Amino acid sequence: MSTYRIQGATGEWEVVIGLEVHAQVTSNAKLFSGASTAFGAEPNTQVSLVDAAMPGMLPVPNRECIRQAVRTGMAIEAQINKWSRFDRKNYFYADLPQGYQISQLYHPIVGEGALHIEADEKAGIPEDKIIGIERIHVEQDAGKLMHDQHPTMSYVDLNRVGIALMEIVSKPDMRSPAEAGAYVRKLRSILRYVGSCDGNMEEGSMRADVNVSVRRPGEEFGTRTETKNVNSVRFVMQVIEYEANRQVDVIENGGTVDQETRLFDPNTGTTRTMRSKEDAHDYRYFPDPDLLPLELEDSFIEDCRASLPELPDAKRARYENELGLTPYNARELTAEVETFGRFETLLAATAAKIGKPEAKVATQVANWALSVAPGVAKSLGDEADMANATAEAQASILAMQDKGEISGGQAKEIYEFVLKDGGDPEAIADEKGLKQVSDTGAIEAAIDEILANNEDKVEQYRGGKDKLFGFFVGQTMKAMQGKANPAVVNQILKAKLDG
Amino acid sequence: MTDFTQLGVKQIRDGVAGGDFTAREVAESFNAAVAAAAELNAFIVTTPDHALAAADATDAKRAKGEDLGKMGGVPIGMKDLFATKGVQTTAASHILEGFKPEYESTVSQKLWDAGAGMLGKLNLDQFAMGSSNETSYFGNVNSPWKKAGTNAAMSPGGSSGGSSSAVAARIAPAATGTDTGGSIRQPAAFTGICGIKPTYGRCSRWGVVAFASSLDQAGPMARSVEDCAIMLEAMAGFDPKDATSLQMDVPNWEAALSADLKGKKVGIPREYRMDGTDQAILDSWEQGKAMLRDAGAEIVDVSLPHTKYALPAYYIIAPAEASSNLARYDGVRYGLRDLPEGAGLQDMYAATRAAGFGDEVKRRVLIGTYVLSAGFYDAYYTQAQKIRTLVAQDFEKAFEQCDVILAPTTPTASFPLGSLNDDPLTMYLNDVFAVPASLAGLPAMSVPATINSDGLPLGLQLVGKPFDEQGVLNAGLAIQQRAGFEAQPEKWW
């Protein structure tokens, strides 16, 4: 149970949140035309006759977009509807050439599903939670109006017209900004794992309509507002915070919350009315007569399922159970596609180099990938050329460390050289003298000298003052200029002192 | 010298192929006939050069001994609902006046590929909405026929009225039509020619200005059943650009034509005996039965119980789809733009559409918008779709007892232009016999049966099972052979 509450003048209020996330489907071509979907092209250069709604043009569904929606549905454990249908949502606007958006109101392609968010005490999520998903449907995106091109007119860019979107509609299951933030992050992660959306919120590939209402804890839902087109996790959380407080103020001051559509202003962190319920469009939805119902064959569905990668929750469990990683490391490494991608490549390279099973070196690699390597890169700042951070080079460093040839400190130093100038880590270690001495003769000689010079301490140690062992180690390392292999030093000291 | 304008598709094709005359001679004759028939107002634009170029290409192929195609050397009229590359395409509306597409519709391209040439773009009811060809922005089309003893301008039917007028007047051997709720069959019946609407999906809708997408079907209009079979073969075929296109091979309908109906059963739907139907029409229906019996068929009574609901359902579904299909004509990207001084976007929409659409189009957009609006959708649109399903089921059951259905095409013969202008409901009743087959997506054809006492043609309608254009054409041929319809309008233009 979320403990997030708005403290009003008259008592506590609970916030109820539902999200409609629009995710642009990763596909080379648009939902119903062959035009390209690349971002950032010159205005009106990626527009087919169908997109421009020329007379007599007809939509033909793009199989790849359908496939991506089905795969996404499977990733949130949702029901896949073998029979779905496209509807027209009718309204006039200059960025909508057809005068209607082809969407799926009555029979969406994906039915109910669920998304797990994990407990995060620090963020204010006391326990794991399942957020219900109502549906996913596919629909066309609209174009873009440009108001800054002419003093009295607006220009229209139709490049985005007809690009496929998935609208992922949650149930009103979230109860705090933190839960909503975790939901969007988790959803984004899943979409990116599946490869059905690049999740790039800055470019608008993913944006959310945020539904917020407040109620006394445990009572009926209140009237909700919908804030449109919010394009970052932080903004989603801001919208909820602001809207919940605004609604509480309205109610506590004797007013009622209007069911309306609102807009978020990122500059002020506030929302304002876009249109009220009375002004709401009558979209006159009806089945698109240009398109037959979408009927998915079993073989198509099986192919979609077979093409799904290991998903975040399963991967995290495997990292913990099979690779023996800590829950923290497992969660950090599986949050992003890039992170686990780099980790798994490095893990494979390191295990191969060392000649041990992955599970035996996973913790070492995880610590390196999450903490050591980013730390070195950060300390170098602009000096680091990340192109040099190859799995091969890092694996080589980790392998030297595993064999005791270099210390942790030396590993960092070598990695610094690698990031700055590239090169073979083993050669760097040799050249720069960054190797531990495991030569027992040299170490023994150093130890003999130290023991001879500190006879009093040797006596005390042998008399029971165990703590002095650290002193001898320190002296030896100092004499060896820090390059002695600590394990060898320990072993020899132990033999000489205790022997 | 042969009067080429008296020749039909088959005769021209075979004559050109056989070297009896050249395609150019034929094209020149029809170009001249078109130019001399301006009073019919059948064409919005004429394209004599297109016809000549196609003819020359055919003649050149013949000289080289190449295949001339199914329509080699035949010049035709193209209903101005089909997008033709570089040639004005208006749907007979002001809003598309001057619009020259950069693309060619699939059906017209197939015809050109089959060796046909284009005489011009044929007038029609605006956006194919109308049953008399009086809603065109470019003026009424006149039927070449006159009611005996009068000089009143008669309706060629609609919406393919330019097509029917041109073919009946022998200024085109054949023409394309489109049929949403009778727009091929009713004008064919009014003008004494043949016209077939194939099974929904046979002809691609790509590049055809949409009226009601779930009903629109292209088809040929010509003076004989054979000519329709030939031209339909050239027009039909799967098109990946139309998601509702049938993924089936096109049969060789011409080769399989047969008027021998032995073993076939012809259904007579009892619900088509409606009040308000002309006695002459009922009489011709009886004669039609006799002709098909004579061709070897057995006549059986069938029932299509939901017939009376079909027309009201049609006048909900078709306007609903039209209201959405016509939303794209908004003045933003192409066609007419009316931007009053100081106007915003909404004002521009209103001004452009008010100026660009005719009254009948506006009426249907309003009806369609209304029946789809919140609170009325279930009462109208959902109910109408249920009726559509019931009408289709009626046919399915009827076709368990028969192979083809015989019915009148229209309840009356042609009427004088202007006589029904104030009475849209009576106008809509013209399509009462045509609409059920449209709702069910079935192949249906009108063939000329007789001339009534006013000297006006009457047609009979044949409706077939899904994909059985052959059965429809064969029964049509049996009637054609027995009806001996050879009447021609007297030339007055």
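Across the interface of chain B and chain A in this predicted model, the rule finds one salt bridge. Its partners are Asp290(A) and Arg205(B), whose side chains meet at 3.0 Å, N to O. Side chains of opposite charge can pair when their charged atoms come close. Polar contacts across the interface of chain B and chain A comprise 15 residue pairs, with both residues at pLDDT 80 or more. On the side of chain B that touches chain A, the elements giving two or more residues are α9 (307-325), α10 (345-356), α11 (359-372) and α12 (377-398) of chain B. Of this side, the largest share, five residues, comes from α9(B). Sorted by class, the side of chain B that touches chain A holds 20 nonpolar, ten polar and eight charged residues.

The size of an interface is often given as the accessible area lost when the parts come together. Chain B and chain A bury about 2,800 Å² between them, and 61% of this area is on carbon and sulfur atoms. Three residues, Tyr103(B), Ala243(B) and Arg328(B), supply 21% of the area that chain B buries against chain A, more than any other three residues. The contact draws 38 residues from chain B and 31 residues from chain A.

Two packed helices are described by the angle between their axes and the distance between the axes. For α9(B) and α11(B), the axes come within 7 Å and cross at roughly 100°. Angles from 65 to 115 degrees count as roughly perpendicular, and α9(B) and α11(B) are therefore roughly perpendicular to each other. From α9(B), the residues Tyr315(B), Ile316(B), Pro319(B), Ala320(B) and Ser323(B) meet Arg364(B), Val365(B), Ile367(B), Gly368(B), Thr369(B), Val371(B) and Leu372(B) of α11(B). By class, this contact of α9(B) with α11(B) has eight nonpolar, three polar and one charged residues.

The contact is formed by Val225(B), Glu226(B), Ala229(B) and Leu232(B) on α7(B), together with Glu469(B), Leu473(B), Gly476(B), Leu477(B) and Gln480(B) on α15(B). The residues of the contact of α7(B) with α15(B) divide into five nonpolar, two polar and two charged.

Over all chains, a search of the whole structure finds 53 salt bridges. One of these joins the side chains of Arg192(A) and Glu338(A) at 2.5 Å, N to O. This pair links distant parts of the chain, with Arg192(A) in helix α2 (residues 177-194) and Glu338(A) in helix α7 (residues 337-354) of chain A, 146 residues apart.

Two features of the backbone remain. In chain B, the peptide bond from Gly158(B) to Ser159(B) is cis, with omega near 5°. Ser159(B) belongs to the loop between β3 (117-122) and α5 (161-168) of chain B. In chain A, Ala53(A) has a positive phi of about 55° although it is not a glycine. Ala53(A) lies in the loop that runs between β2 (11-24) and α1 (63-75) of chain A.

Methods
Residues are numbered from 1 along each chain as its sequence is written. Chains are lettered from A and ligands numbered from 1 in the order in which they are written. This is a predicted model: local features need pLDDT of at least 70, side-chain atom pairs count only at pLDDT 80 or more; totals for chains, interfaces and linings use all residues. Side-chain values use heavy atoms; hydrogens and water are left out. Contact means heavy atoms within 4.5 Å. Buried area is the accessible area (1.4 Å probe) that two parts lose on being put together, summed over both. A salt bridge is a side-chain nitrogen of Lys or Arg within 4 Å of a carboxyl oxygen of Asp or Glu. A polar contact is a pair of N or O atoms within 3.5 Å; within protein, one must be able to donate a hydrogen and the other to accept it, and residues adjacent in sequence count only if both atoms are side-chain atoms. Helices (H or I, at least four residues) and strands (E, at least two) are DSSP runs, numbered from the N terminus. Ala, Val, Leu, Ile, Met, Phe, Trp, Tyr, Cys and Pro count as nonpolar, Asp, Glu, Lys and Arg as charged, and the others, Gly among them, as polar. Axes are lines fitted to C-alpha atoms, for helices over the stretch in contact, and angles run from 0 to 180 degrees between N-to-C directions. Angles under 35 degrees count as roughly parallel, over 145 as roughly antiparallel, 65 to 115 as roughly perpendicular and the rest as oblique.
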